[in-house]
Amino acid sequence: MAETSPGRAYPEESLPVDGTVRRRMLRDETVLVLALSLGASGVSALISFIGSVTRPGGLKDQAATLNASAAPGRPWLDLAWQLFGITTALVPVALVAHFLLRERQSLRTLGFDRTRPRTDLGRGALVAAAIGSTGIAFYLAARGLGFNLTVVPEALPSVWWKYPVLILSAVQNSVLEEVIVVGYLLRRLDQLGWSPRASMAGSAVLRGSYHLYQGIGGFIGNVVMGVVFVYLYRRWGRVGPLVVAHSLLDIGAFVGYGLLAGKVGWLPTA
């Protein structure tokens, strides 16, 4: 069975049923995957944002904390919770892999494999370098204008596993988001007959939605990033470089904050 390029339309025979039943299966499957992962995160972020804007004081005077301690004062229990959270967050990716197997495909269909490591690393590093500095400037500007909360990328205790866990957390975020919001979602929307522009908008808005807890700036910045990532995926046909880029961006944010917070004047802290 021939497969078309990733991110484009797919042949009708790729699934065992046709017509209305097939479309309903695809639609329901997509809704369930999102409800178990980043779609649910989008709803949670919206509720959090409503809470922030209705709270007395400006957004920049409030904090959005990532990678916080799960068991303060109990480092080994904390480590167990951190690893548990990272591992279980990747279950939706395993579910996507299962659904692809039912089509006689795999995550390789989305370009998430090790067949082109040098190309993926090189492209990912270039994308991260281009987005990283712009993203920091945009965040600082949005916070200064009162459109964003103060983002605290990490609040873990100073223990030996702090930075390894932050790196694992960054990679987990990247795999989850790029496999589901770009590779899987675009594949399903294409199969459901969405136009390229509509699927790009859907993917980008979804990415922005689960960052809304950071404020309007977080939403807009991630929508723009989503448009760029969808464009690059359509061009390259692989999520691999996007996972690399996202991982480098998050590692820079998490580890960089841990090393620089309170030591440089330009970095806002809670």
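**Close-up views of the pockets and helix α9**

**View 1. Secondary-structure elements around the largest pocket.** In this predicted model, the lining of the largest pocket draws at least two residues from each of α2 (38-53), β1 (63-65), α5 (117-144), α6 (162-191), α8 (216-236) and α9. The greatest contribution comes from α5, which provides ten residues. The volume of this pocket is about 1,500 Å³.

**View 2. Residues lining the largest pocket.** A total of 50 residues line the largest pocket. Those nearest its centre are His 211, Gln 214, Asn 222, Asp 250 and Ala 253. Sorted by class, the lining comprises 28 nonpolar, 20 polar and two charged residues.

**View 3. The second largest pocket.** By class, six lining residues are nonpolar, two are polar and three are charged.

**View 4. Helix α9 and the residue that follows.** Helix α9 covers residues 240-260, a run of 21 residues. At 1.5 Å a residue, the helix should span 30 Å, and its end C-alpha atoms lie 29 Å apart, so the two values agree. After α9 comes Gly 262, which has a positive phi, near 85°.

Definitions and conventions. Residues are numbered from 1 along each chain as its sequence is written. This is a predicted model: local features need pLDDT of at least 70, side-chain atom pairs count only at pLDDT 80 or more; totals for chains, interfaces and linings use all residues. Side-chain values use heavy atoms; hydrogens and water are left out. Helices (H or I, at least four residues) and strands (E, at least two) are DSSP runs, numbered from the N terminus. The expected span of a helix is 1.5 Å times one less than its number of residues. On a 1 Å grid over the protein atoms alone, a cavity is a set of points where a 1.4 Å probe fits but cannot get out, and a pocket is an open set with protein on both sides within 12 Å along at least five of seven lines; lining residues have an atom within 4 Å of a point. Grid points are joined across faces, edges and corners, and a volume is the space filled by probe spheres set on the points. Ala, Val, Leu, Ile, Met, Phe, Trp, Tyr, Cys and Pro count as nonpolar, Asp, Glu, Lys and Arg as charged, and the others, Gly among them, as polar.
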